[in-house]
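Please walk through this protein with me, from its overall makeup to single residues. Keep the sequence and the 3D view side by side as you read.

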Amino acid sequence: MTTLWNITVRIRRQRQDEDRPRWQDFSLEVDPDETVLDAVEKIWAFKDRTLTFRHACHHSTCGACGMRVNGVEKLTCITPVRSVTHNNGILKIEPLRNFPVVSDLVVDVAHFFEELEEMHTPQVVTNRQGRLDYEKTGDEEEDYVRLVDCIECGLCVSACPVALTDAAYVGPASLAGLQQSLAAQVNSVDASLADNQNGAWRCHSAYECSEVCPSHVEPGYRIMDLRKKIMQKSFRQWFGGREKTQ
Ligand code: SF4
């Protein structure tokens, strides 16, 4: 039989009409194999019905339950309590960074989705059998998905040190999406979309995004590949132009 743990769950809370966030502690008995999302739901169910948080699928598909847990971005539906604290320990839970807070643990993701669309990430190709790769599928009927493997959880944006100081930065998920669209040779997508000071060149190569991504999208490495693609395009234009003028 599993021994239950007694933990303190410290939640950062803030309503839109409050100037600053406050911390609220809850004592909780948990099975250490339960997830952090289970713990948050228990607090809502048994201790405070005013707590607001976002969740949906409970199996790492929807990307809705991203939070910062003890200072690290986690998809809370797949994060066991035992992996982030210990018996009599503290579980410090905050909303994702680099997003406006709507209420408590809920952040506004509207701008994040707008940026994904601006980078043309909806156009990565897969077929109706769900085969996800970078190849066009010829005469097969094609579907369109937003970004291979990405569940649009926003963890990468929260972890990104550049997004923390520069709101204009396009961000790792959108740039990774553009890289995938380019790799898939989607016609309407152009590397120059990210060839600017708020795009691929703004990344500091910290790779925090890749570290926290729960879907192994590896945004950091994709941004580096995107830079390579931008340079290749520039070289082609440069040398192609020179050949024509000679
Ligand atoms: S790239 Fe990874 S961390 Fe970023 S939104 Fe997509 S799944 Fe989440």
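The buried residues of H5 are Pro172, Ala173, Ser174, Leu175, Ala176, Gly177, Leu178, Gln179, Gln180, Ser181 and Leu182. That makes 11 of its 12 residues, so H5 is largely enclosed by the rest of the structure. From its first C-alpha to its last, H5 reaches 16 Å, close to the 16 Å expected at 1.5 Å a residue. Bear in mind that this is a predicted model.

Now step back to the whole chain. The protein has seven helices and nine strands. It has 246 residues, and 38% of them count as buried. Take the contacts with a separation of 6 or more: 64% of them join residues 24 or more positions apart.

Next, the ligand. Its shell holds 15 residues, and the closest are Cys150, Cys153, Cys156, Cys213 and Val217. By class, 11 of the shell residues are nonpolar, three are polar and one is charged. Which helices each supply at least two residues of this shell? They are H3, residues 155–159, and H5, residues 172–183. H5 gives the most, with three residues.

The nonpolar core comes next. In soluble globular proteins, nonpolar side chains tend to be buried together. Here the largest nonpolar core has 56 residues. Leu91, Cys156, Leu175 and Ala194 have the most contacts inside this core. H5 provides the largest share of the core, five residues. Why does this core lie between domain 1 and domain 2? Domain 1 (5–107) and domain 2 (110–245) both give residues to it, so the core lies between them.

Cys156 is then in contact with Pro172, Ala173, Cys209, Val212, Cys213 and Pro219.

Is Cys209 buried or exposed? Cys209 is buried, with 30 other C-beta atoms within 10 Å. Not counting residues up to four places away in sequence, it touches Cys156, Ala159, Cys160, Pro172, Pro219 and Gly220. Cys209 and Pro172 are 37 residues apart in sequence, yet their C-alpha atoms are 6.7 Å apart in space.

Ala159 is found in helix H3. It is buried, with 25 other C-beta atoms within 10 Å. Beyond residues up to four places away, Ala159 touches Glu73, Glu208, Cys209, Glu211 and Val212. Ala159 and Val212 are 53 residues apart in sequence and 7.2 Å apart in space, C-alpha to C-alpha.

Tyr207 has a positive phi of about 65° although it is not a glycine. It lies in the loop between H5 and H6. With 18 C-beta neighbours inside 10 Å, Tyr207 counts as partly exposed. Ser60 also has a positive phi, of about 60°, and is not a glycine. This serine lies in the loop between helix H1 (36–46) and strand E3 (66–69). Ser60 has 16 C-beta neighbours inside 10 Å and counts as partly exposed.

Finish with the loop between E4 and E5. Thr79 lies in this loop. Asn88 is found there too, between strand E4 (72–75) and strand E5 (90–94). Thr79 is buried, with 21 other C-beta atoms within 10 Å. Asn88 is exposed, with 9 other C-beta atoms within 10 Å. Leaving aside neighbours within four places in sequence, Thr79 is in contact with Thr35, Val36, Val69, Lys74 and Val84. The C-alpha atoms of Thr79 and Val69, 10 residues apart along the chain, are separated by 9.4 Å. For Asn88 and Leu28, 60 residues apart along the chain, the C-alpha separation is 9.7 Å.

Note on methods
Residues numbered from 1 in each chain as written. Predicted model: local features only at pLDDT ≥ 70, side-chain atom pairs only at ≥ 80, totals over all residues. Helix = DSSP H or I, 4+ residues; strand = E, 2+ residues; numbered from the N terminus. Buried ≥ 20, exposed ≤ 12 C-beta atoms within 10 Å, placed from the backbone. Contact = placed C-beta atoms within 7 Å. Near = placed C-beta within 6 Å. Nonpolar A, V, L, I, M, F, W, Y, C, P; charged D, E, K, R; others polar. Core = buried A, V, L, I, M, F, W, Y, C linked by C-beta atoms within 7 Å. Domains from an automatic or database assignment. Expected span 1.5 Å × (residues − 1).
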